[in-house]
Amino acid sequence: MTSIREMRDGVRNKKLKAKDLVSEALKKAHDAQPKYNSFISICDESAMKAAEHVDKLVASGKDPGPLAGVPIAVKDLLCTRGHRTTAASKILDQYIPPYSATVVEKLEEAGAIVIGKANLDEFAMGASNENSAYGAVKNPVDPTRVPGGSSGGSAAAVAAGIVRAAIGTDTGGSIREPASFCGITGIKPTYGRVSRYGIIAFASSLDQAGPMTRSVDDSAIVLETISGKDPRDATTADIAVPKWSENLKDNVKGLRVGLPKEYFADGIDPEVRKVIDNAVQLLKAQGATLVDVDLPLTPHGIAVYYIVACCEASSNLARYDGVRYGLRTKDAANLLELYEKSRGEGFGAEPKRRIMLGTYALSSGYYDAFYKKACQVRRLVREDFLKAFAKCDLIVGPVTPGPAFKLGEKFSDPLKMYLNDVFTLGAPLAGLPGLSVNAGFTKEKLPVGLQIIGPHFEEQRILDAAHTVETHL
Amino acid sequence: MAFETVIGLEVHAQLLTDSKIFCACSTQFGAPDNTNTCPVCTGMPGALPVLNRKVVEMSILTGLALQCEIRENNVFSRKNYFYPDLPKGYQISQYDEPICVKGKLTFYVDDKEKTVGITRAHMEEDAGKNIHHGEFSLVNLNRSSVPLLEIVSEPDIRSAKEAGEYLRALRSILLYLGVCDGNMEEGSMRCDANVSVRPVGEKKFGQRVELKNINSFRFVEKAIEYEVGRQIDLIEQGEKIAQETRLYDPDKNRTISMRSKEEAHDYRYFPEPDLLPVKVDRAWVEKVRTRLPELPLDKLKRFVSEYKIPEYDAQILTQTRAMAEFYEEVAKLTSNPKAASNWIMGDLLRILNEQKKEITESPISKEQLADLIKNIDGGKISGKIAKTIFEDLAAGKYAGEKIEAVISKNNLVQVTDTGAIEAVIDKIIAANPGQVEQYRSGKDKLFGFFVGQVMKEMKGQGAPNVINDLLKKKL
């Protein structure tokens with residue numbers, strides 16, 4: 001399959017036609033849909049129209065941009081103007097946003113073509129993509145297994161070869177975990193790197209969008225396209241966006257790679273451990289130095305994350321009340337019933353669970369013990385990372401304790417599902433960039449991702465290390 | 001038992017920005033329903049707020065005028081509750097880190113100074129408006145996210161009258177600063193009152209009741225008076241005051257229970273993660289301070305000492321900045337500040353009231369009024385003639401014309417020539433022999449009759465002092 005670089009160069013040089021790339025991607029998307037269910041909507045008409053537009057630009061001597069004619073899937077959490085955007089929830093089943101997310105606008109301005117809206121866990125809440133009102137997504141590597149979540153549809157669309165790149169979002173691991181489970185690359189940028197405007201909010205202080213791709217180079221190209229200060233998102237950082245793809249190098253010489261002992265403790269699947277150890281040795285062989293570091297608050301990250309994220313979610317999801325848009329119950333006798341029934345019918349079990357947890361933790365009398373305390377511990381988690389980065393340049397470890405699990409395996413036990421996030425929560429809690437790159441396979445041929453976490457705004461360092469792993473594996 | 005009333009007021013002032021607090025939509029009042037809206041102020045999925053810097057600046061300015069401490073670290077919080085006019089399901093407000101704290105407001109109540117502490121003032125967004133049509137309810141979100149400054153007073157107010165004066169003084173400051181139009185009827189200034197009573201001498205506060213929906217100056221005083229009476233009655237009957245929120249019904253002039261303590265919302269405040277804390281540094285505060293105008297109370301005191309006018313006059317003349325400026329200009333142009341005050345307080349305010357006009361729309365310009373006064377003081381026209389000219393100006397005559405031109409065109413110059421006046425007096429004396437006889441036999445009151453007759457004959461243009469002198473001689 002052609003890389004993003006090859007595709008856009010081909011389109012720019014008139015060797016490839018955007019129309020052909022897009023119609024091929026659309027065909028694959030339709031063919032794969034019964035197998036993997038990776039899309040909630042496929043945008044045939046608008047995608048073909050956009051492709052023709054790109055081809056016309058090229059024909060008239062204009063440059064459609066650095067993603068010229070590249071078909072792309074976008075998680076159905078990002079608003080697309082005029083296209084149904086559901087967040088995988090019945091409550092937004094018929095919702096058509098009047099505007100597009102900044103990320104979508106940037107992709108389209110760069111010449112990329114959105115071919116479909118990828119499936120996800122409802123409101124990005126989940127680690128298996130089984131919490132979707134539009135059905136579970138299946139892992140293209142092994143369709144009896146989950147693709148990971150919440151960006152499971154995005155990961156599956158890339159892993160199944162439908163698109164070279166998809167946009168996911170990561171709140172507690174929702175890009176890195178499915179990337180690892182599906183054997184692709186996924187990067188969650190530094191908090192503030194990518195605009196959240198138009199991305200349906202789950203937990204505002206944690207959410208970040210990022211690319212999920214076949215290769216590190218693909219990720220770098222997409223990431224540099226969607227990054228940057230956005231006047232519509234006050235939390236974006238006013239910091240220059242480097243040309244990561246042009247600077248990308250297979251070189252880790254002299255780099256101090258931190259190994260947190262909490263990430264290599266008991267409880268990790270031995271097969272996963274083997275792949276990770278092997279990747280660490282690879283980095284060493286390429287000239288990196290290995291350093292032991294401590295992230296002692298790692299186990300507390302789960303409690304902190306689920307309090308902070310649920311509190312923010314309980315408030316973020318309050319707007320789905322059946323008044324202005326989205327599902328409205330057919331039989332409400334009064335205002336209270338309108339709220340209770342619309343929300344009762346519209347939300348699935350996981351959002352309901354998290355709304356209740358968050359509402360409780362923010363309530364008068366509980367705020368100090370839960371939300372406030374969680375925010376304090378969150379600051380300590382960040383300090384832990386900053387301390388570790390005084391001793392090393394990057395932190396590496398597994399993405400999850402085990403590989404992709406079976407569909408239904410953890411579905412009925414939310415706590416078990418939450419524990420799966422133990423290694424991915426640190427980066428978003430601390431606002432750090434984190435990436436998953438495939439580092440090998442278990443005996444059962446299940447992909448295992450190596451997680452690489454860097455200091456704030458050091459995406460280049462992470463991408464370079466991932467590129468080294470990818471090159472020498 | 002004698003009771004003391006304790007009142008604290010919460011005033012919501014709509015800030016006069018062009019755009020809303022968190023989006024670029026217009027704040028203009030009266031636009032067609034739901035047209036001043038966008039994804040942000042309608043709470044669309046994924047939309048994010050961005051703070052309007054003007055809101056912070058107007059809040060700093062107001063805080064400085066209320067002698068507040070301006071806090072450096074400003075955090076916005078979410079106040080969570082469900083209501084159809086609240087599109088996001090939460091209001092973005094400030095909770096424990098407001099922009100202004102620890103201020104005070106001094107004003108006059110019956111010619112005595114009163115100072116009320118300002119607990120805090122914080123920035124927040126307004127909600128939309130629910131409109132009920134028979135069995136349907138509709139929502140208009142034009143007002144959603146319009147910026148408000150909520151100004152909370154200490155419980156330092158002791159009567160309904162003081163509450164009214166506090167509100168008037170606050171409104172006057174907001175108008176001076178140009179941060180709010182102060183229109184209570186249109187809702188750009190709204191007031192809630194926390195009211196309690198306690199036996200005189202008691203240190204502890206009584207149970208307070210929150211009064212909502214008091215949207216005019218008149219209603220504020222009436223609502224508080226009613227509520228104080230209700231509370232005293234209950235206590236005297238041995239009953240307890242319930243902690244509750246009550247609504248004022250202006251038609252029936254009474255308050256009715258809206259919700260009890262048990263039904264009170266738990267707003268689940270937490271810091272708004274979509275907005276970064278706003279740092280208001282000293283340099284910013286000092287820059288805003290340079291825009292602080294002379295405030296009503298300072299102006300009032302200066303007018304009293306500089307122009308030697310009564311405090312009562314100064315109070316009225318300083319109620320709005322435009323009025324004060326009008327007065328001061330006339331006073332300076334004429335070097336007769338007392339006359340300037342008399343004309344404005346009397347005739348001009350009456351005319352403005354009759355014509356329902358603001359001072360800025362006065363049919364008589366500052367220059368015209370000043371020239372009228374100067375011509376009286378210079379003896380060129382009589383006060384009576386001046387009044388006639390004034391009424392003509394008020395009726396729209398001579399707009400933009402110079403007073404001198406009006407006087408000469410209409411030949412209104414006062415006659416001081418003794419010969420001319422004597423001739424008229426002689427004529428009047430000759431025509432009224434009976435009255436002359438009566439006057440000379442001691443009926444002094446008839447003097448006025450002669451003055452009147454002479455004036456009438458001279459169409460009001462005779463100089464009164466000359467007429468008086470000559471009449472006395474001739475009679």
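Colleague: How far apart do the C-alpha centres of domain 2 of chain A and domain 3 of chain A lie?

Modeller: They lie 33 Å apart. Domain bounds here come from an automatic or database domain assignment. For chain A that assignment gives domain 1 (4–246), domain 2 (256–295 + 381–428 + 438–472) and domain 3 (302–369). The contact between domains 2 and 3 of chain A takes seven residues from domain 2 and five residues from domain 3, where two residues are in contact if their C-beta atoms, placed from the backbone, lie within 7 Å.

Colleague: What should I know about the model and its numbering?

Modeller: This is a predicted model, in which local features need pLDDT of at least 70 and side-chain atom pairs count only at pLDDT 80 or more, while totals for chains, interfaces and linings use all residues. Residues are numbered from 1 along each chain as its sequence is written, and chains are lettered from A and ligands numbered from 1 in the order in which they are written.

Colleague: How many helices and strands does chain A have?

Modeller: Helices (H or I, at least four residues) and strands (E, at least two) are DSSP runs, numbered from the N terminus. Chain A comes to 16 helices and eleven strands. Its radius of gyration is 21 Å, close to the 23 Å that the globule rule gives for 473 residues, so chain A is as compact as a globular protein of that length. The radius is taken over C-alpha atoms, and the rule is 2.2 Å times the number of residues to the power 0.38. Along its principal axes, the C-alpha trace of chain A spans about 70 × 60 × 45 Å.

Colleague: Which residues of helix 13 of chain A are buried?

Modeller: An α-helix has 3.6 residues a turn, so residues three or four places apart point the same way. A residue is buried if 20 or more other C-beta atoms lie within 10 Å of its own, exposed if 12 or fewer, and partly exposed in between, with C-beta atoms placed from the backbone. In helix 13 (residues 368–391) of chain A, the buried residues are A:F370, A:Y371, A:A374, A:R378, A:V381, A:D384, A:F385, A:A388 and A:F389. This helix has 24 residues and reaches 34 Å from its first C-alpha to its last, close to the 34 Å expected at 1.5 Å a residue; the expected span is 1.5 Å times one less than the number of residues.

Colleague: Which residues touch the most other members of the largest nonpolar core?

Modeller: In soluble globular proteins, nonpolar side chains tend to be buried together. A nonpolar core is a set of buried Ala, Val, Leu, Ile, Met, Phe, Trp, Tyr and Cys residues joined through C-beta atoms within 7 Å. Of the 228 residues in the largest one, A:I72, A:I113, A:I115, A:A166 and B:A193 touch the most other members. Helix 2 of chain B gives the most to this core, with ten residues. A second, separate core of 33 residues includes B:M323, B:A339, B:I359 and B:I364.

Colleague: Which element gives the largest share of the side of domain 1 of chain B that touches domain 2 of chain B?

Modeller: The domain assignment of chain B gives domain 1 (3–288), domain 2 (296–409) and domain 3 (418–474). Nine residues of domain 1 of chain B are in contact with seven residues of domain 2 of chain B. Helix 2 of chain B supplies five residues, the largest share of that side of domain 1. The centres of these two domains, taken over C-alpha atoms, are separated by 37 Å.
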